[in-house]
Amino acid sequence: MTDRQLADRVLGGHTRSYAELVSRYSAMVLAKAMGIVRCQDLAADITQQTFIRAYTHLADWQGCASIGPWLATTAVRLSLNALDEARRRRANHEDSRMEPDAYSPEHEQLLQQLEQAIARLPEPDRSIVQLHYYRRQTTADIARALHLTAANVLVRLHRIRQRLKKQLTTDEDE
């Protein structure tokens, strides 16, 4: 079945036919995103966003043969948008570090409390925090280094952040 036929079926109400289009083009879209953003996790997110956007705008596709170029264009645009957003965030972060009020005594005290809370973490958790926040390693790199899955690293980071937040709020109350 051609891409046009599958798209027409999806538009006709057979939404499960979209899975065939995803199956055909997900590797190509992931490779396109990965080539631009060079981060496996971000490329996977962009791939998902590409297919969601394509699904919601499928009626706008004017092609008659392959939907691949349309998906690739969408993936490239989303990838470039992600890079621009990351650059803006870094620029804003660097600007905020230059503000004179950013390092008040309260802020410095909070940073010291955070460092002490991190130092009290058990070794595997402390390593994850250091690799992620201090060395800015990706989830995939941390997973490889610590022989974990990427999903496990994400779950552990979430739990560590919750534990640190709870510790800091407890320290403030005392």
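Student: Which residues is tyrosine 134 in contact with, leaving aside its neighbours within four places in sequence?

Tutor: Those are Glu115, Ile118 and Val129. Keep in mind that this is a predicted model. As for its place, tyrosine 134 sits in helix 6, residues 123-134.

Student: Why does tyrosine 134 count as partly exposed?

Tutor: Set the value against the cut-offs. Buried means under 20% relative accessible area, and exposed means over 50%. Tyrosine 134 has 42% relative accessibility, so it counts as partly exposed.

Student: And threonine 74, how do you know whether it is buried or exposed?

Tutor: The limit for buried is under 20%. Threonine 74 comes in at 11% relative accessibility, so it counts as buried. You'll find threonine 74 in helix 4, and it touches Thr50 and Arg53, if you don't count residues up to four places away in sequence.

Student: What kinds of residues make up the contact of helix 2 with helix 3?

Tutor: On the helix 2 side you have Tyr18, Leu21 and Val22, among others, and on the helix 3 side the list includes Gln40, Thr47 and Phe51. The residues of this contact divide into 16 nonpolar, 4 polar and no charged.

Student: What makes a group of residues a nonpolar core?

Tutor: The residues must be buried, come from a set such as Leu, Ile, Phe and Tyr, and be joined through side-chain atoms within 4.5 Å. The largest one here has 14 residues, and Tyr18, Leu21, Phe51 and Leu58 are among those with the most contacts inside it. Helix 1 (3-11), helix 2 (18-37), helix 3 (40-56) and helix 4 (68-98) each give two or more residues to this core, with the largest share, 4 residues, coming from helix 2.

Student: Which residues does tyrosine 18 touch, not counting those up to four places away in sequence?

Tutor: Tyrosine 18 touches Val10, Phe51, Ala54, Tyr55 and Leu58. Apart from this core lies another, of 12 residues, including Leu121 and Ile142.

Definitions and conventions
Residues numbered from 1 in each chain as written. Predicted model: local features only at pLDDT ≥ 70, side-chain atom pairs only at ≥ 80, totals over all residues. Heavy atoms only, no water. Buried < 20%, exposed > 50% of the residue type's maximum accessible area, 1.4 Å probe, protein only. Contact = heavy atoms within 4.5 Å. Nonpolar A, V, L, I, M, F, W, Y, C, P; charged D, E, K, R; others polar.
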